[in-house]
Amino acid sequence: MLFSCLQILAGMLMAACWAYSAAALARRWIQPGPVSVRWAATAAVGWWLLAAVFEVLASLRLFRLDAALAVWLILALCLGRLDRGRPNPLLQLWDDLQRLDEWIRAAARRPVFWVIVFSSVPVALILLRGLIAPPMAWDTLTYHLFKAGRFVQSASFVHEPAPHAWSYYEHFPYMGDTIWAWAMLPLNSDALLTPAGFCVWLCVLLAVYATARTLDVL
């Protein structure tokens, strides 16, 4: 029980360092603009960081929770020192959340808002199902999560010499599966896969909205 609690705390700290690192890099690389664009850029940088750090750790056979936590802590501390003189990221986050609250209040006065709310019910049910039911899709069990679980168990890249479909599965790009490997790393299980997938879809919606705002469609 104690070990599980420590794993959860380590995973939360790792996620916080990852989010801070992504926000710090995004603020340095993009010009000031709408909140949605900055958040979309932060999400893009965050997914890139996951792929880059995974590549380094797996190549060194160090894709473990302790090594990953150390890397994210060091990266966040280094970026924090480089980020001195800029607005406090926590204060900026609070300001963004206030703007989001104002946007929701304004959108709630429009009829389309309730269409979005009712359309979110099936999404919430799918999310709930994913939290209580194990993933059983064919591609999930034979390829996507198999590779992610193999990365976690071996802490590195592993070649799987097997006949039939496995002979070409090994040549498929693996970067998309690294997201699921990161989700499985803290608890060494598939408990966080559904929240991770939900975050991916939220980022897709955020990217669409930011693009529409940039093109003055909304």
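**A walk from the surface patch to the aromatic rings**

On the surface, Trp 39, Leu 90, Leu 93, Trp 94, Leu 97, Leu 100, Trp 103 and Ile 104 form a nonpolar patch, with about 800 Å² of accessible area together. Keep in mind as you look around that this is a predicted model. Helix 4 (residues 89-107) supplies the largest share of the patch, seven residues. One of the residues in helix 4 is Leu 100, which counts as partly exposed because its relative accessibility is 38%, between the limits of 20% and 50%.

Now turn to helix 2 (residues 35-59), where you will find Ser 36. Its relative accessible area is 9%, so Ser 36 is buried. Leaving aside residues up to four places away in sequence, Ser 36 touches Leu 206, Tyr 209, Ala 210 and Arg 213.

Next come the aromatic rings: the whole structure holds nine aromatic pairs. In one of them, Trp 18 and Trp 47 sit 5.7 Å centre to centre with 45 degrees between the planes, a tilted arrangement. This pair links distant parts of the chain, since Trp 18 belongs to helix 1 (residues 2-29) and Trp 47 to helix 2, 29 residues apart. Trp 18 is partly exposed, at 23% relative accessible area, and Trp 47 is partly exposed at 23% relative accessibility.

Phe 54 and Phe 151 also form a tilted pair, because their ring centres are 5.1 Å apart and their planes stand at 55 degrees. Phe 54 is in helix 2 and Phe 151 in helix 6 (residues 138-154), so this pair ties together parts that are 97 residues apart in sequence. Both of these Phe residues, Phe 54 and Phe 151, are buried. They also belong to a cluster linked by ring pairs, together with Phe 63, Trp 72, Phe 157, Tyr 174 and Trp 182.

Key:
Residues numbered from 1 in each chain as written. Predicted model: local features only at pLDDT ≥ 70, side-chain atom pairs only at ≥ 80, totals over all residues. Heavy atoms only, no water. Patch = residues over 30% accessible without salt bridge, like charges linked within 9 Å, V, L, I, M, F, W, Y side chains within 5 Å. Areas by Shrake-Rupley, 256 points an atom, 1.4 Å probe, with all protein chains shown as cover. Salt bridge = Lys/Arg side-chain N within 4 Å of Asp/Glu carboxyl O. Helix = DSSP H or I, 4+ residues; strand = E, 2+ residues; numbered from the N terminus. Buried < 20%, exposed > 50% of the residue type's maximum accessible area, 1.4 Å probe, protein only. Contact = heavy atoms within 4.5 Å. Phe/Tyr/Trp six-rings, centres within 6.5 Å; stacked < 30°, edge-to-face > 60°.
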